Amino acid sequence: MARASFFLLLLPIFYFVGTANSTATTSDTNFIKSSCSATTYPQVCIQSLSSYATSIQQSPRQLAQAALSVSLTRAQKAKTFVTKLAKFKGLKAREYGAVKDCLEEMGDTVDRLSKSVQELKNMGKSKGQDFVWHMSNVETWVSAALTDDNTCLDGFSGKALDGKIKASIRAQVLNVAQCTSNALALCNRFASKH
């Protein structure tokens, strides 16, 4: 009986602590949802960034950093996927050419997103023209990475390349392009609020 009474006394404390944690998480998640609403692919944005809510909290900089990191990780996975497809023995000559070109574009995407992640990390508490210069670099590289993604997809245009190879690469690279587009929008948002 004493144990049950003791537990009942602690129950409101457990409830309060649990509510406080969920409220903080809810406001952090709401910040992500609100920020993602300004992107071209809001559902992809929310889905890819919600698991980072506790580290992002309500920081536009942390949000941009997380978006760039997610985009980089997806680009690296896509590059690995395309690398494996380039070694596939059953490719037609035209498919092989498109896959090799795409692999080069995905390599460029990874390089540019890596530079962007590092630039944002290393800019510290830059202000004024120094901040503008760093953010300009980030935005330029992310924009170029998005162009690389689209160039890869363009290499598979036309009915002659329709099939499983095109469909599988398109799914991978389209996801990278959507995340990259969102990252660019969130970087622009961070730059405008600074």
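Predicted model: local features only at pLDDT ≥ 70, side-chain atom pairs only at ≥ 80, totals over all residues.
**Entry 1: H4 and H7.** As a reminder to myself, a pair of packed helices is described by the angle between the axes together with the distance between them. For H4, which covers residues 60–86, and H7, which covers residues 164–193, I found an angle of about 160 degrees, with the axes 8 Å apart. Because angles over 145 degrees count as roughly antiparallel, H4 is roughly antiparallel to H7. I then sorted the residues in the contact of H4 with H7 by class, and I wrote down 19 nonpolar, five polar and four charged residues.

**Entry 2: Asn 182.** Staying with H7, I looked up Asn 182, which lies in this helix. Its relative accessibility is 3%, so I count Asn 182 as buried, the cut-off being under 20%. Leaving out residues up to four places away in sequence, I found that Asn 182 touches Thr 39, Thr 40, Tyr 41, Val 44 and Cys 45.

**Entry 3: H6.** I next checked the length of helix H6, residues 128–154, whose 27 residues should span 39 Å at 1.5 Å a residue; the C-alpha atoms at its ends are 39 Å apart, so the two values agree. I also listed buried residues of H6, among them Phe 131, His 134, Met 135, Val 138, Val 142, Asp 148, Asp 149 and Leu 153. Finally I asked which helices the buried residues of H6 pack against, and I found H4, H5 (93–122) and H7.

Methods
Residues numbered from 1 in each chain as written. Heavy atoms only, no water. Axes fitted to C-alpha atoms, helices over the stretch in contact; angles between N-to-C directions. Helix = DSSP H or I, 4+ residues; strand = E, 2+ residues; numbered from the N terminus. Parallel < 35°, antiparallel > 145°, perpendicular 65-115°, else oblique. Nonpolar A, V, L, I, M, F, W, Y, C, P; charged D, E, K, R; others polar. Expected span 1.5 Å × (residues − 1). Buried < 20%, exposed > 50% of the residue type's maximum accessible area, 1.4 Å probe, protein only. Contact = heavy atoms within 4.5 Å.
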